[in-house]
Amino acid sequence: MHRLTTRHGLDMPAIGLGTWPMTGEQCTSAVRQALALGYRHIDTATAYNNEDAVGQALRESDVPREQIHLTTKVWWDRLAPTAMRQSLEDSLRALGTDHVDLFHIHWPGQDWDLARSIETLVALRDEGKARAIGVANFPLGLLRQVIEELGAPLSAIQVEYHALLGQQPLLDYARQHDLALTAYTPLARGRAAEQQVIRDIAAKHGVLPSQVALKWLLDQDGVAVIPKASSRENQLANLAALDVPLDAQDRALIAGLPKDQRVVSPEFAPDWNS
Ligand SMILES: NC(=O)c1ccc[n+]([C@@H]2O[C@H](COP(=O)([O-])OP(=O)(O)OC[C@H]3O[C@@H](n4cnc5c(N)ncnc54)[C@H](OP(=O)(O)O)[C@@H]3O)[C@@H](O)[C@H]2O)c1
C-alpha cells in the first residue's frame, strides 16, 4: 500500500481506519474486520473511549503488531508533563502495546505552557514510546511556532480536510517541513458524496462518489486519509479508492467546489485563522 514517510520516524499507510465514534464490541469487530481486509493503519484517541476495544481487536487479529500503524492522541486537558505521560501510559496499556506509531496532541490546550507540552511530547518519542509525534487541530500560526521556535521533530498534522474544506496554507507548510497531513472526516460525513460534481465524476469512471472524494485527497502529495467505516462493504470500497483513476479535469472540478464547509468545530477549537 501507498505509504507516507518522514525523516523523523513516520512510516504510515496512506489509508487508515477512523474509529470514532465506535466503542466496545462494535469497534472491536470493525477493527478486526478492517485488519482482515488489509487495513494496516488504525486511528484512535483517548477521547474516543475505544482504545481497549481497538486493543482487543489487535490481540484477536492474526496480523503481527509490527505490521500495523497505530495512532493515538492525548486530550487537551492532559497536556502538562505528568498528565501527558500518564495519558500515553494509559493508552499503551489499553491498546496492549509498548509503543504507538504516531502520538498526537489532539487539540491545542487552554492557558497552557506550550513549550513544556512540546518538550514532553518530544521526550516520549525519544524514549521510544511513540515512533513519531504530531499535532492535530493546530492552526498554521501555532504549528509554525512548534516547528520554527521550539524546533520540535514533528512528523504529522491531523486536521479536517475534504472536498468541501480547503487546507492549502497548512498543506504547503506541511510539505515544506516534511510533515504528513492526515485528513480527518475525509468524506465530510457523507456530504462530499452528495455533490453533483463528484457524483458525475464517479459515474464517468464507474466508481462510488465516496471513492472519488477519497482519491481526490490521496492524489495530493503528503496526504493520508482516515475514513471511519463500520460495514465490510464501506471498508472495502474505501481501500479500493486508491485504484480510482482521476484525471486532471476531475481534479480541477473538485478543486473548484466551495471549500468553506467545516464539520468539526467544538467550543474549545482554536481560531482556525490564527
Ligand atoms: N483529530 C480529530 O480531532 C478528529 C476529529 C474527527 C474525526 N477524527 C478521525 O477521523 C475519522 C473519520 O472522520 P468522521 O468519522 O468524522 O467522518 P468520515 O470518515 O468523513 O465519515 C464517516 C461516515 O461515512 C460513512 N462511510 C464510510 N465509508 C463510506 C462509503 N464508502 N460509502 C458511504 N458511506 C461511507 C460511515 O458509515 P459506516 O460507519 O456505516 O460505514 C460514517 O457514517 C474518525 O473516525 C476519527 O478517527 C479525528
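Across residues 15–255, the chain is 45% helix and 13% strand, with the end C-alpha atoms 21 Å apart. This is a predicted model, so everything below describes computed geometry. The UniProt record, an unreviewed entry, lists that stretch, residues 15–255, as "domain: NADP-dependent oxidoreductase".

Let's begin with the strands. Eight of them form an open sheet in the order S3-S4-S5-S6-S7-S8-S9-S10, and their pairing is parallel. At the edges stand strand S3 (17–18) and strand S10 (223–225); each has a single partner strand, so one side of each is left without a neighbour in the sheet. Helix H8 (residues 209–218) packs on this sheet, where H8 touches strand S9 (180–184) and S10. The direction of H8 makes about 150° with that of S10. Elsewhere in the sheet, strand S7 (residues 133–136) pairs with strand S8 (residues 156–160) in the parallel sense, over three bridges. As background, strands of a sheet pair through backbone hydrogen bonds, either parallel or antiparallel.

Now for the charged side chains. In general, side chains of opposite charge can pair when their charged atoms come close. Here the count comes to 16 salt bridges, and a few of them are worth a visit.

One sits within a single helix. Arg 93 forms a salt bridge with Asp 90, and their closest N and O atoms are 3.5 Å apart. Both residues lie in helix H3 (residues 81–95), three residues apart, which is about one turn of the helix. Arg 93 has 59% relative accessibility; exposed means over 50%, so Arg 93 counts as exposed. Asp 90, with a relative accessible area of 27%, is partly exposed.

Another bridge reaches further along the chain. The side chains of Asp 247 and Lys 204 meet at 3.0 Å, N to O. Asp 247 lies in the loop between helix H9 (232–240) and helix H10 (248–255), while Lys 204 belongs to helix H7 (residues 196–205), so the pair ties together parts that are 43 residues apart in sequence. Both partners are partly exposed: Asp 247 at 28% relative accessibility and Lys 204 with a relative accessible area of 46%.

Lys 215 and Asp 219 give a further pair, their side chains meeting in a salt bridge of 3.1 Å, N to O. Lys 215 is buried, with a relative accessible area of 10%, whereas Asp 219 is partly exposed at 31% relative accessibility.

Finally, salt bridges can also join up: Glu 25, Arg 32 and Glu 60 are linked in a network of them.

Methods:
Residues numbered from 1 in each chain as written. Predicted model: local features only at pLDDT ≥ 70, side-chain atom pairs only at ≥ 80, totals over all residues. Heavy atoms only, no water. UniProt positions renumbered as here; feature names shortened; annotations may be inferred. Helix = DSSP H or I, 4+ residues; strand = E, 2+ residues; numbered from the N terminus. Salt bridge = Lys/Arg side-chain N within 4 Å of Asp/Glu carboxyl O. Buried < 20%, exposed > 50% of the residue type's maximum accessible area, 1.4 Å probe, protein only. Pairing = 2+ DSSP bridges. Contact = heavy atoms within 4.5 Å. Axes fitted to C-alpha atoms, helices over the stretch in contact; angles between N-to-C directions.
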